[in-house]
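I opened the model to look up a few points on fold, core and loops. My entries follow in the order I made them.

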Amino acid sequence: MTRAIRHNEDQHRFEWTEDGHLCVLEYTLADGEIFFTYTGVPVPVEGRKIAADMVQAGLGMARARGLRVHPVCSYVSAYIRRHPAERDLLA
């Protein structure tokens, strides 16, 4: 499934609503770096690869803007370990 993940720049997060449940990937920006701080997917919609899609969108934005990535959130860190092609983004 291809999801059109929303980038809510005002709230510093990527968002997707699945079956009425808001899923988020939150971040902060500082000096050309992005810190992914939290990934939240409510239990009723877990296991649908929503978090992976949001991280993919976040990393895509980081790459497009030339940002160095700090995976503070354990899910983002694990995602990057599983996807070696994204490691070049790490600060």
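Entry 1. Is Asp31 buried or exposed? I looked up its relative accessibility and found 79%, so Asp31 counts as exposed. The cut-offs I used are under 20% relative accessible area for buried, over 50% for exposed and partly exposed in between, with a 1.4 Å probe and protein chains only.

I am working from a predicted model, in which local features need pLDDT of at least 70 and side-chain atom pairs count only at pLDDT 80 or more, while totals for chains, interfaces and linings use all residues. I number residues from 1 along each chain as its sequence is written, and side-chain values use heavy atoms, with hydrogens and water left out.

I listed 2 helices and 5 strands, in the sequence pattern β-β-β-β-α-β-α. Helices (H or I, at least four residues) and strands (E, at least two) are DSSP runs numbered from the N terminus. I then checked the radius of gyration: a compact globule of 91 residues would have a value near 12 Å, and the chain agrees because it has 12 Å. That radius is taken over C-alpha atoms, and the globule rule is 2.2 Å times the number of residues to the power 0.38. Along the principal axes, the C-alpha atoms fill a box of roughly 35 × 30 × 20 Å.

I found 38% of the 91 residues buried. Of the contacts with a separation of 6 or more, 41% come from residues 24 or more positions apart; contact means heavy atoms within 4.5 Å.

I looked for the largest nonpolar core and got 23 residues, with Phe14, Leu25, Ile34, Phe36, Leu59, Val69 and Val76 having the most contacts inside it. At least two residues each come from strand S2 (13-18), strand S3 (21-30), strand S4 (33-40), helix H1 (50-65) and helix H2 (74-82). H1 gives the most, with 7 residues. Such a core is a set of buried Ala, Val, Leu, Ile, Met, Phe, Trp, Tyr and Cys residues joined through side-chain atoms within 4.5 Å. In soluble globular proteins, nonpolar side chains tend to be buried together.

Which residues is Ile34 in contact with, leaving aside its neighbours within four places in sequence? I noted Tyr27, Thr28, Leu29, Met61, Ala62, Leu67, Arg68, Val69 and His70.

In H2, I found Val76, Ala78, Tyr79 and Ile80 buried. The cover over the buried residues of H2 includes S3, S4, H1 and strand S5 (68-71). In H1, I looked up Ala51, which is buried at a relative accessible area of 11%. Not counting residues up to four places away in sequence, Ala51 touches Thr39, Val41 and Tyr75. I also took the C-alpha separation of Ala51 and Gly40, which is 7.5 Å for residues 11 apart along the chain.

I found Asp19 in the loop between S2 and S3, and Asp31 in the loop between S3 and S4. Phi of Asp19 is near 50°, a positive value in a residue other than glycine. Phi of Asp31 is near 50° too, again positive in a residue other than glycine. Asp19 is exposed, with a relative accessible area of 59%.
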